[in-house]
Amino acid sequence: LGAVIPYQTIMLENEAFSCFVFYSVLLVIKMYIIAIITGQVRLRKKAFANPEDAQRHGGVQYYREDPDVERCRRAHRNDMENIFPFLFLGAVYSLIGPSLAVARAHFLVFFLFRMLHTVAYLCVLRAPTRSLAYVVAQVPCVSMAVQVLAAVASSW
């Protein structure tokens with residue numbers, strides 16, 4: 001069996017991985033914030049997903065959907081559909097030895113445009129802001145995926 005590499009070696013000596021971890025944690029915090037916002041909008045609009053919650057907050061008539069709550073939920077779902085794959089791709093990509101500057105650019109672009117996507121979603125910014133933010137955030141993901149595949153292709 002090979003020696004176990006302590007996490008400090010991966011985290012501190014691989015600057016691309018450290019950079020990836022930094023942006024990933026920010027994105028996960030952003031997802032938690034969207035969940036909190038969704039809950040707050042539910043409370044403010046009195047639109048609950050479960051009858052027991054509605055009953056606790058005024059009655060079963062509040063067991064209903066609300067367009068603002070649904071918008072928050074769609075933003076959160078879109079984050080899950082895009083940030084979770086980024087977490088995998090970015091982790092593997094950062095371990096194939098990319099240039100730190102290029103890796104940082106990939107992570108930063110994804111982070112900034114996911115932030116813009118969320119703002120566009122929740123603040124109902126004019127189209128095509130949200131769509132453009134989505135597309136631009138996909139570019140580094142596609143780039144990382146291609147580079148990872150190229151790096152491991154010789155093994156196949």
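Modeller: The sulfur of Cys 141 lies 14 Å from the closest cysteine sulfur, that of Cys 19, which is too far for a bond. The model is a predicted one, in which local features need pLDDT of at least 70 and side-chain atom pairs pLDDT 80 or more, whereas totals for chains, interfaces and linings use all residues. Residues are numbered from 1 along each chain as its sequence is written, and side-chain values use heavy atoms, without hydrogens and water.

Colleague: What makes Cys 141 count as buried?

Modeller: Its relative accessible area is 6%; buried means under 20%, exposed over 50% and partly exposed in between, with a 1.4 Å probe and protein chains only. Cys 141 is therefore buried.

Colleague: How do you know the span expected of helix 5?

Modeller: The expected span is 1.5 Å times one less than the number of residues. Helix 5 has 23 residues, and its 33 Å from first to last C-alpha is close to the 33 Å expected. Helices are DSSP runs of H or I, at least four residues, numbered from the N terminus.

Colleague: Against which helices do the buried residues of helix 5 pack?

Modeller: They pack against helix 2, helix 4 and helix 6, where contact means heavy atoms within 4.5 Å.

How values were computed:
Helices (H or I, at least four residues) and strands (E, at least two) are DSSP runs, numbered from the N terminus. A disulfide is a pair of cysteine sulfur atoms within 2.5 Å.
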